[in-house]
Amino acid sequence: MSQDHREIRHLLGAYLLGGLEPADRDVFEAHLPDCPSCRDELSRSASLPGLLRRAAPTVPQPPDELAAAADARQHRLLAQLTARRLRRRRRTLLGVVAAAVLAAALVVTPPLLRPPATTATAAVIELRPATSGAAGTGTALLDPRPWGTSVTLTATGLPATGPFTLEITDRSGGHERAASWGTTADGHVQVTGATSVTPQSISRIQVVGPDGVITQSP
Ligand SMILES: [Zn+2]
């Protein structure tokens, strides 16, 4: 047996397990054709790596009690993991619910805070001078509310001296004052008042000054 053989024989195990550096593997494979002993050893051991791999999961074989304990430990770990996952999921669900509530609040809140859209249901009534040749003109925006009507008056050409009132007459002859205000610098005013009369029941709108009716609905 050569010195080469003894050194190279040490590489056989690593060669079988695929653990040799490429240079060592080349040396080992170059040695094989010249060494029947190494070839025999290799062929006898060739099936060993596969056997080792198959045996690995069950080695060492745990006694039954140990296996049971390991099993229980595994179950506990699994239960803890599941509980943690559930808690995390519950937190996530709470977050989702909170977000949904917030989103719903965002959707619901604006109509509660803002007056309803004035385009579809509100009506604009033209106000004309009560007497021919008078200057007072304007509009009354009638915005229906659960309690009656919000009335926004925009008027120009009001007399120099107030006070003024916005008077509402309903179809049965009832009468309500929706707003009152004082003298304005330029005869222009925008004021929002309120009446319990619904828009459909309003028969007349009048702006009244110290000298009587200034402007009114047709
Ligand atoms: Zn050899």
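In this predicted model, Ala123 has Leu142 of strand β2 as its bridge partner. That bridge belongs to the contact between strand β1 (residues 123-129) and β2, which run antiparallel and are joined by five bridges.

Strand β2 (residues 137-145) also pairs with strand β3 (residues 148-156), again in the antiparallel sense, and here there are nine bridges. Two of the partners in β3 can be named: Gly148 is the bridge partner of Arg145, and Thr149 is the bridge partner of Pro144. The link from β2 to β3 is a hairpin of two residues.

These strands are part of an open sheet of eight strands, with antiparallel pairing. Read across the sheet, the order is β5-β4-β7-β8-β1-β2-β3-β6. The strands at the edges are β5 (175-181) and β6 (189-195), each of which pairs on one side only. From one strand to the next, the twist averages 30°. As a general point, side chains in a regular strand alternate between the two faces of the sheet.

The zinc ion is the next topic. Which residues coordinate the zinc ion? They are His5 through ND1, His31 through NE2, and Cys35 and Cys38 through SG, at 1.8 to 2.2 Å. The angles among the four donor atoms are 98 to 130°, and the site is tetrahedral. For comparison, the ideal angle for four tetrahedral donors is 109.5 degrees. Along the chain, the donors of the zinc ion follow the spacing H-x25-H-x3-C-x2-C. His5 lies in helix α1 (residues 3-9) and Cys38 lies in helix α4 (residues 36-45), so this pair ties together parts that are 33 residues apart in sequence. Both His5 and Cys38 are buried.

The UniProt record, an unreviewed entry, places a domain named "Putative zinc-finger" at residues 6-39. Over residues 6-39 the chain is 68% helix and 0% strand, and the C-alpha atoms at the ends are 13 Å apart.

Helix α4 holds Cys38, and its buried residues are Cys38, Glu41, Leu42 and Ser45. Why do the buried residues of α4 line one face of the helix? Seen down the axis of α4, they fall within an arc of 100°, so they line one face. The general rule is that an α-helix has 3.6 residues a turn, so residues three or four places apart point the same way. On the other side of α4, Ser43 and Arg44 are exposed.

Definitions and conventions: Residues are numbered from 1 along each chain as its sequence is written. This is a predicted model: local features need pLDDT of at least 70, side-chain atom pairs count only at pLDDT 80 or more; totals for chains, interfaces and linings use all residues. Side-chain values use heavy atoms; hydrogens and water are left out. Donors are N, O and S atoms within 2.8 Å of the metal (3.2 Å for Na, K and Ca); water is not among the atoms, so sites may look incomplete. Four donors count as tetrahedral if all angles lie between 85 and 135 degrees; four count as square planar and six as octahedral if opposite donors are over 155 degrees apart and all others between 65 and 115; anything else is irregular. Helices (H or I, at least four residues) and strands (E, at least two) are DSSP runs, numbered from the N terminus. Buried means under 20% relative accessible area, exposed over 50%, partly exposed in between (1.4 Å probe, protein chains only). The arc is that of the directions from the helix axis to the C-beta atoms. UniProt positions are given in the numbering used here, feature names are shortened, and annotations may be inferred rather than shown by experiment. Two strands pair if DSSP finds at least two bridges between them. Axes are lines fitted to C-alpha atoms, for helices over the stretch in contact, and angles run from 0 to 180 degrees between N-to-C directions.
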